[in-house]
Amino acid sequence: MEIAVTHRVTPFAFAFAMIACWFPAQAHADQPNILLIFIDDLGWKDIGCYGNDFVETPHIDQLAAEGLRFTNFYASGAVCSPTRCALQSGQNQARIGITAHIPGHWRPFERVITPQTTMALPLDTVTVAESLKASGYTTGYVGKWHLGNAPEFQPDRQGYDFSAVIGGPHLPGRYRVQGRKDLKPKPDQYRTDFEADLCIDFMRQNKDEPFFLMLSPFAVHIPLGAMSEKVQKYEAKTKQTGQSLPHPVYAAMIEHCDDMVGRLVASLDELQIADDTMIVFTSDNGGLYRRYDYRESADDLVSSQAPLKGEKGSLHEGGIRVPLIIRHPNATKASTVCVEPTISHDFYPTFVEMAGGELPTNQTIDGHSLLPLLSNPTSMLDRKALHWHYPHYHHDRPASTIRERDWKLIEYLDGTGDLELYNLASDLGETKNLASEKQGRAGDLKRKLTQWRSNVLARTPIPNPSYDPKRAHEWWSLKSGKPVPSEQRKRFPPTEKD
């Protein structure tokens, strides 16, 4: 398969290109390739090197054995679009207003009216791709975007030279590259295999100059769907072990992702650029236990993040703590572990510093470069706290969160005034709420969280005059403006044979 790299530039990208002409890029030896593998909905406990003894992930585990594994890494958001926004902008997504998945859903009869989400990453945002282009990088994007549906908001308008945005679920014949008839999967090809093909072709075509490639597969997002041979293997393991979670189809989907990682690593070796490439493997939010409007007749239980509390759509650890593995032979040591709290929007300054580039001067960058941790995993970043803002109903109530070293406060924004305070060093599972016992600590963190929301102009819920306890459970779609037809949903075919 051959892919064509097209160049469509925004005014900001053009400006950065001019800067790149005035200040020539450094030699390739000083500018490693950057391969970012950004799995969808993969939880902290879903892979072997993070303690999962059911799913087989040998290639990802090998990546961790050869590089640096982070144990306190967080997604910037509890769902996909916010984290994607933070990664592309280097900012906490509350500054931009992409605080829920696009277009999202809401509960019109709940206690509070939740704020409207910005429906696309603004074009005046200088993306990480645009900053890397200014340093001489060729940039590529493959997979799910979810930062605006209109053509003018796609990756090719946000600094990516090559863009293959893929829509549709995982099984053969059910997905396609949006707006491009020249890129077609084989009739029997699983989606992650096709996405790997596109990435390998991109790397092959750009192996002689520095590149930044972001692979964002739809896996392991629901609806559950995997190839039958893998599913049968995990169904047999389920019978042998008596283990109910993860779901066998979900386990197979994770292994599909592991196969994809294995192919990419092998291609880097084949192209003789592995030593010049930094591989970053992570996820956009915590793992899913069950769909937000779960119906037993149509849906399956997916996975457990125990001992972590919560799941995707929640600001408890299970909703935001995710895997992060970084391998770069010239910057990381094999089989090392970092416990420093870090977050998705740290990637932007990390990549730009690695490229020898400059951060945008008129755009706040909330992230911190991870390069000091790569060279010394036991060091600490000069950062006071991490913040999250998820003012929406999904798998939990609207809330904001602050983590200051070992202490974490969750403040609910649904009019209840509820607070939860945990010490993660002694209570990783968030089992004991210390808000009443440690009122001074809770009050201090609440004050700091309130000040942070004010500083970033975070949008917050307001009281709902239409609050109706009898109808508060209803989900409505922002896309249709109508109730979500949950009762009409049917079970998705789990394999290509169903």
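Q: Which residues in α7 meet Thr192, Asp193, Ala196, Asp197, Cys199, Ile200 and Met203 in α5?
A: This is a predicted model, in which local features need pLDDT of at least 70 and side-chain atom pairs count only at pLDDT 80 or more, while totals for chains, interfaces and linings use all residues. Residues are numbered from 1 along each chain as its sequence is written, and side-chain values use heavy atoms, with hydrogens and water left out. Helices (H or I, at least four residues) and strands (E, at least two) are DSSP runs numbered from the N terminus, and contact means heavy atoms within 4.5 Å. On these terms, the α7 residues that meet the named set in α5 are His256, Cys257, Met260, Arg263, Leu264, Ser267 and Leu268.

Q: How many residues of the contact of α5 with α7 are nonpolar?
A: Ala, Val, Leu, Ile, Met, Phe, Trp, Tyr, Cys and Pro count as nonpolar, Asp, Glu, Lys and Arg as charged, and the others, Gly among them, as polar. By this scheme the contact of α5 with α7 holds three polar and three charged residues, and the nonpolar ones number eight.

Q: Are α5 and α7 roughly parallel or roughly antiparallel to each other?
A: Axes are lines fitted to C-alpha atoms, for helices over the stretch in contact, and angles run from 0 to 180 degrees between N-to-C directions. Helix α5 (residues 191-205) packs on α7 at an angle of about 15°, with the axes 9 Å apart. Angles under 35 degrees count as roughly parallel, over 145 as roughly antiparallel, 65 to 115 as roughly perpendicular and the rest as oblique, and α5 and α7 are therefore roughly parallel.

Q: At what angle do the axes of helix α6 and helix α7 cross?
A: Helix α6 covers residues 228-241 and helix α7 residues 248-270, and their axes, which come within 8 Å, cross at roughly 130°. That makes α6 oblique to α7, and the contact includes Lys230, Val231 and Tyr234 of α6 together with Pro248, Ala252 and His256 of α7. The residues of this contact divide into six nonpolar, two polar and five charged, while the crossing angle itself is roughly 130°.

Q: How far apart are the axes of α2 and α7?
A: The two helices pack at an angle of about 55°, and that makes α2 oblique to α7. In α2, Pro58, His59, Ile60 and Leu63 meet Asp258, Asp259, Val261, Gly262 and Val265 in α7, a contact with five nonpolar, two polar and two charged residues. The distance between the axes is 7 Å.
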